[in-house]
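Please look over the sequence and the structure before reading on.

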Amino acid sequence: MEKTADEARTRLYLRDAFRHIAAQAALPVIALALWHVSVTWFDVPEWQIPSPPAIIKAMGADFRAILPHLITTYGNVLVGFTMAAAIGIALAIAIYFNASVGIAVTPFINLMCIMPLITLVPLLMLWLGFGSKAKLVAVVIQSFPIINLNALSAFAGVNPLRLELMESMKATKYQKMRCCILPDSLPGIFTGVKLAAVLALTAEVTSEITGGNAGLGARIIQYTQYMKMPQAFACVFYIAAFGLIFYQSLSFIERKLTKNY
Amino acid sequence: MMELINVSKRFIARREDLLALSGINMRVGDGEFVCVVGPSGCGKSTIIRIINDIIKPSSGRVVVDGFTYEKNAPIPHKLIRRMGFIFQIPNLYPWLTVRENIRLPLDIFGLRGQKWMNHADFLIEKAGLSSCADQYPGSLSQGMSQRAGVVRAMVHKPDILLMDEPFGALDERTRERMDFELLDIWRENGMSVVFITHNIGEAVLLAQRIYIMATAPGRIIDTLRVDLKKRDMSSFEDARFEEYSSRINNAIGNILLEKAV
């Protein structure tokens, strides 16, 4: 009897999972099919818009050439994003413990949010060179303020009754942060973290396009200059795939950590 | 013994100030069960928040066993450790299991060691929460959650329980059951209890002394000593139960009538 119930549950779960995946995949598949039909039908030359099969073929055939750039881009994004998350959250905690820190740094953080990154990248490259250093700094500058601001806003919006429980026991500031504020703020912090993931990738690719020879952004520029459009699009697809997997992984971690909220 | 001497509380707001409490004088003897009853907005909850030092009084003072705390005086940690606060809603942290929630005060008060862990487990078992102790609060019924909230307030062995309409959100039957369980706990442990309620029947059933409050400003209009032969299901049949209830009803009704006229 119990086995049948378990089987029914598994069947239901699989059916829902299949529906979910099918619904999510439907639109990209239709878009790619339309793209393929259009370029074939109108006989668009490959150097202008390559067909999806040509791009997929280039993703495989040129993988060895693209791989070092792929590692550079993915690595910089992951390292820069991790640094940004650590700085953003640590700074928010520091501001919670000392309001003066907040008064001092908030205008600069707001400025970093407002300032278009593209204006800073040439300067960063002038000071730090065309290697990974300038790109890492760009990724951190672009993504940590959004994590910081979201964490601060989550700290300020902690459920007052939950905080009152801490007050009723005269918990120290550290105990309040550890036992109540940080866990209660987790959904808000993740909002910032997910936004930062998108911004980190944008910052990295923008920096690569602006200068230097390494990274998928730089490859797109080079391939475009040589009219190697399938390879250029292959790089775009690799960036998109990474962005999607990165974002979905963070959403998955968020769901796991906040499943009881 | 605990005493509130001429306590007032004025909440400062942007548009206009609100005098929430005016000239509150209250006494709670050692091991005494005191109820504060009154209509919504009369400042009942503010009173126990002042006792627990969550809110500072604007004037007047609170004396607990000879120790005085008032507007600007900090309350010693050891005095707070003697108090347990139970909220209107269970106020369990959703990211902690029921057992972890119940052990939270031990963490905050620095009560470590197996002895305290065993004490928490003993209370969990006694309250009939063993089967759900390792579940998260989201899967518990309202009654079970509130039971966990009561156990959490008692885990550090306080001798003063401050209860803010703890069973107000429960259905009639569950509330009655919880009232009787609370009486059993009180008889066993001999704690002083300050119980806030707007339910007159509940106040008469539980209290040895009842403070009746009125609104605008929140003040005590009458004090009632309750002397029931028994405190069980038969109490509802006791002639004095009806007598006490109507006295409270009349006191509150007269004030409301005066206000209307």
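In what order do the six strands of the open sheet in chain B lie? In this predicted model, the order is E6-E7-E8-E3-E9-E10, and the pairing is mixed. Chain B also holds an open sheet of four strands, in the order E2-E1-E4-E5.

- Strand E6 (83–86) and strand E10 (219–225) of chain B are the edge strands, and each of them pairs on one side only.
- From one strand to the next, the twist averages 15°.
- Helix H5 of chain B, residues 142–154, packs on this sheet and touches E6 and strand E7 (160–164) of chain B.
- The direction of helix H5 of chain B makes about 165° with that of E6(B).

**Pairing of E3 and E9**

- Strand E3 of chain B (residues 33–37) runs parallel to strand E9 of chain B (residues 209–214), and four bridges join them.
- Opposite B:Cys35 stands B:Ile210, a residue of E9(B).

**The four-stranded sheet**

- The pairing in the sheet E2-E1-E4-E5 of chain B is antiparallel.
- Strand E2 (18–28) and strand E5 (67–70) of chain B each have a single partner strand, so one side of each is left without a neighbour in the sheet.
- The twist in this sheet averages 20° from one strand to the next.

**Pairing of E4 and E5**

- Four bridges pair strand E4 of chain B (residues 59–64) with E5(B) in the antiparallel sense.
- B:Val64 has B:Phe67 as its bridge partner in E5(B).

Notes. Residues numbered from 1 in each chain as written. Chains lettered and ligands numbered in written order. Predicted model: local features only at pLDDT ≥ 70, side-chain atom pairs only at ≥ 80, totals over all residues. Pairing = 2+ DSSP bridges. Helix = DSSP H or I, 4+ residues; strand = E, 2+ residues; numbered from the N terminus. Axes fitted to C-alpha atoms, helices over the stretch in contact; angles between N-to-C directions. Contact = placed C-beta atoms within 7 Å.
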